[in-house]
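My notes follow the order in which I looked things up.

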Amino acid sequence: MSNTLEGKVVLVTGASSGIGRATALALSKAGARVAVGARRADRLQSLTQDAPGEMLALELDVTDRQSVQDAVAATVERFGALDVLVNNAGVMLSGPILGADTTEWTRMVETNLLGSMYAVHAALPHLLRSRGAVVQISSTSGRAASAASGVYAATKFGVTAFSEALRQEVTAQGVRVVVIEPGFVATELTSHLTDPAMQAAAKNMAESMRTLQAEDIAGAVVYALTQPEHVAVNEILIRPTDQT
Ligand code: NDP
């Protein structure tokens with residue numbers, strides 16, 4: 001893949017809000033043709049209207065392997081190729097291990113880990129053809145676990161492990177793998193927390209610092225994807241300056 005995004009075809013999962021939405025817009029602004037996937041189709045429709053370039057809205061549930069395969073196929077059918085997969089869809093349902101609602105664990109593993117694996121599996125034949133790239137939105141929780149983040153961190157550590165194996169399998173064929181690890185970004189992510197203590201902690205954290213904005217992460221994605229072909233930016237850790 002060359003170092004311009006002009007005309008490139010990108011699929012962004014989890015593009016109906018937050019980092020995915022901002023990334024889709026930044027890539028569109030940089031000249032890419034972008035397919036955007038998520039479950040909230042109404043949000044995607046309004047995103048396509050805000051986009052400066054051609055954008056395709058795809059109803060997508062990453063926990064459903066067939067839905068992921070269909071989204072990749074629809075992207076390729078519409079645009080004729082796939083150059084970049086941005087694996088961004090995710091949920092964070094933090095809480096202590098003792099007494100946890102394990103259906104929340106299932107949701108996190110199925111969305112953050114298995115969902116992103118399904119997307120790589122479906123996209124890879126096309127990415128090998130285009131010598132493209134995979135961008136994995138991991139987290140600082142993919143580098144260090146902490147109390148009450150056990151399962152979320154496990155999914156993000158898993159993303160890192162999978163990404164490194166993938167990198168070793170495809171880098172010789174020109175496919176670049178990028179892992180982005182954001183710290184606290186002001187998005188809807190914490191609004192899904194069900195534990196009141198976790199909700200309060202997230203609110204305190206947000207109020208205690210100048211958080212990152214989704215556009216800050218979008219900028220990192222664009223940076224990684226616009227390096228010369230021989231440069232593989234494999235990992236970007238990006239925290240709010242105020243976050244210890
Ligand atoms: P948001 O909640 O704003 O966005 C999450 C996105 O994921 C939404 O578009 C949502 O769309 C989508 N999504 C969730 N479940 C599914 C599913 N089953 N199928 C398809 N799409 C799904 O949060 P963020 O923008 O913050 O999160 C984006 C990524 O960034 C996540 O992977 C998160 O772990 C990661 N991250 C976020 C940080 C933060 O502080 N905000 C820090 C570090 C990493 P819909 O509900 O419409 O399906």
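This is a predicted model: local features need pLDDT of at least 70, side-chain atom pairs count only at pLDDT 80 or more; totals for chains, interfaces and linings use all residues.

How do the axes of helix α4 and helix α5 come together, and at what angle do they cross? I found that the axes of α4 (residues 102–130) and α5 (residues 150–170) come within 9 Å and cross at roughly 15 degrees. Since angles under 35 degrees count as roughly parallel, α4 is therefore roughly parallel to α5. The crossing in which α4 passes α5 is right-handed.

I next looked up which residues meet there. On the α4 side I listed W105, M108, V109, N112, L113, S116, M117, V120 and L128. Their counterparts in α5 are V151, Y152, T155, K156, G158, V159, F162, L166 and V170. By class, the residues of this contact of α4 with α5 comprise 13 nonpolar, 4 polar and 1 charged.

I then turned to the strands. An open sheet is formed by 7 strands with parallel pairing, in the order β3-β2-β1-β4-β5-β6-β7. At its edges I found β3 (55–59) and β7 (235–238), each of which pairs on one side only. From one strand to the next, the twist averages 15 degrees.

Strands β1 (residues 9–13) and β2 (residues 33–38) run parallel and are joined by 5 bridges. V9 has R33 in β2 as its bridge partner.

Lastly, I checked helices against the sheet. Helix α1 (residues 18–29) packs on the sheet and touches β1, β2, β3, β4 (84–87) and β5 (133–137). The direction of α1 makes about 170 degrees with that of β1. Helix α2 (residues 41–50) also packs on the sheet, where α2 touches β2 and β3. The direction of α2 makes about 180 degrees with that of β3.

Methods. Residues are numbered from 1 along each chain as its sequence is written. Axes are lines fitted to C-alpha atoms, for helices over the stretch in contact, and angles run from 0 to 180 degrees between N-to-C directions. Helices (H or I, at least four residues) and strands (E, at least two) are DSSP runs, numbered from the N terminus. Angles under 35 degrees count as roughly parallel, over 145 as roughly antiparallel, 65 to 115 as roughly perpendicular and the rest as oblique. A crossing is left-handed if the near helix is turned anticlockwise from the far one by less than a right angle, and right-handed if clockwise. Two residues are in contact if their C-beta atoms, placed from the backbone, lie within 7 Å. Ala, Val, Leu, Ile, Met, Phe, Trp, Tyr, Cys and Pro count as nonpolar, Asp, Glu, Lys and Arg as charged, and the others, Gly among them, as polar. Two strands pair if DSSP finds at least two bridges between them.
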